[in-house]
Amino acid sequence: MAELEIRGGSSLHGTVRAAGSKNAALPMMAAALLTDEPVELIRAPKLADVDSMADLLRGLGVRVETTHAGVRLQTVDSRVVRPDDDLISSMRAGFCVLGPLLARRGEATAALPGGCELGSRPVDLHLKGLAALGAQITVDGGLVTARCKRLQGAAIDLSGPRGSTVTGTANVLSAAVLAEGKTEIRGAALEPEIEDLGRLLVAMGARIAGLGTSTLRIEGVRQLGGAIHAVIPDRIETATLLIAAAITRGRVCVAGARPQHLETVLDCLRAAGAAIEASLDRITVACDRPLTPQSVIGKPYPGFPTDLQAQWTALAAVLPGECTVRDEVFPDRFAHVEELARLGASIRREGNAAIISGVDRLTGGRVTASDLRASAALVLAGLLAEGQTTVLDAGHLDRGYESLDEKLNALGADISRRR
Ligand code: EPU
């Protein structure tokens, strides 16, 4: 896997453009299974996970072409109902093909995703939602099979013990649009990526009311058509770049961003003492004075995103004072803590929280990335650490960040890539 070598100490300055959202683009690609007409996703990001989803869909009879603007998908063969086991287990969003396959082909068989570096990741809510739509579901030998001639609209509650489920909402919504009659999804995930998926489905001819709220009302249609849709900017990438500016005490503008998707994060940066300027489609953060640490709690949207708690921990590690970073969505998502400690951070785990005592400086060293957001946290720490930091297994970063190293270098960082 790739390695990144980061020579720390540069402060970041300049403007960089946000990529399209990974977590919006992936279920949207799966939604191309719902029609034989072309679906074009403008600003689909260039990521390893997007490539894996493209391969998964190719195996299911979808023609996938990368275009200058994004990605174009068209179902050309509807016979296969079992996605490749390895590809589906390599990425959580792969499971989002289940709903569309079931709705369009009447059957789907997929390997059950296991736990991962983030901890336990069940799919009971996905299956509950599809069963409520009339699917007969069996789980046997690690494989889930769902069958139904025509799904039937139903009342479904997707709220779980840790909030709603993002990909579960995507899966059930993408199936319900072709079900017969009306479906009401309560406890739908509020994440902007779900609203954006809903907008694509509406552009394809689906009837959905309540997008952006926790209750989605769907009136099933017989068939859907093609659409051209511009994917929303990636709020997690945007915020990672803003935190990079904060950690290096620089000034960075992210263009093509959506400030309204990041209100909680921008409030936390402001509370820490960063100067934020947000307009319709750009956010600038400037940090010309020392910041103070702020405790955050990872929660479902519009709370502080779990996908940013590792990066926030890297920032807090070098601010004077103590703060707590808690994760209520994935209580075990703390693989980055031990690696940050290798660079000199002082962090202790307590249940679903990391308690961080800021240190004056970090020192470069060799650290290993274990997952996407943990990798980003290690890169951020490396930007500030004295000397050279080597991030091993940095391929995790490429799953969800479009050329993060190149973007950071364009802002003044010194990162080189091996392999
Ligand atoms: N959960 C259940 N049952 C289910 C599904 C989820 O109990 O059937 C629990 C999970 O264990 C977790 C919570 O509900 O505690 C939320 O999980 P969710 O299903 O919302 O997560 P996800 O859909 O698998 C998506 C993103 C993640 C992001 C989470 C939370 C995609 C492809 N993935 O995962 O993104 O962390 O929502 O916002 O959209 C990332 O980008 O780095 C990433 C991990």
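Is aspartate 157 buried, exposed or partly exposed, and what is its relative accessible area? I took this up as the opening entry, keeping in mind that the model is predicted.

**Entry on aspartate 157.** I looked up the relative accessible area of aspartate 157 and found 31%; because buried means under 20% and exposed over 50%, I noted this residue as partly exposed. I placed aspartate 157 in strand 9, which covers residues 155-157. Leaving aside residues up to four places away in sequence, I listed Lys128, Arg186 and Gly187 as the residues that aspartate 157 touches. I also recorded a polar contact of 2.6 Å between the side chains of aspartate 157 and serine 159. For leucine 12, which is 145 residues from aspartate 157 along the chain, I noted a C-alpha separation of 45 Å.

**Entry on the ligand.** I then turned to the ligand and counted 24 residues around it, with Asp124, Thr165, Thr167, Asp307 and Val329 as the closest. I sorted the residues of this shell into nine nonpolar, seven polar and eight charged. Helix 1 (22-31), helix 5 (124-132), helix 6 (166-176) and helix 12 (372-384) each give the shell at least two residues, and I noted that helix 5 has the largest share, with three.

**Entry on ligand oxygens.** I found an oxygen atom of the ligand 2.7 Å from an N or O atom in the side chain of arginine 373, and a polar side-chain atom of arginine 333 at 3.2 Å from a ligand oxygen.

Note on methods: Residues are numbered from 1 along each chain as its sequence is written. This is a predicted model: local features need pLDDT of at least 70, side-chain atom pairs count only at pLDDT 80 or more; totals for chains, interfaces and linings use all residues. Side-chain values use heavy atoms; hydrogens and water are left out. A residue is near a molecule or strand if one of its heavy atoms lies within 4 Å of it. A polar contact is a pair of N or O atoms within 3.5 Å; within protein, one must be able to donate a hydrogen and the other to accept it, and residues adjacent in sequence count only if both atoms are side-chain atoms. Helices (H or I, at least four residues) and strands (E, at least two) are DSSP runs, numbered from the N terminus. Ala, Val, Leu, Ile, Met, Phe, Trp, Tyr, Cys and Pro count as nonpolar, Asp, Glu, Lys and Arg as charged, and the others, Gly among them, as polar. Buried means under 20% relative accessible area, exposed over 50%, partly exposed in between (1.4 Å probe, protein chains only). Contact means heavy atoms within 4.5 Å.
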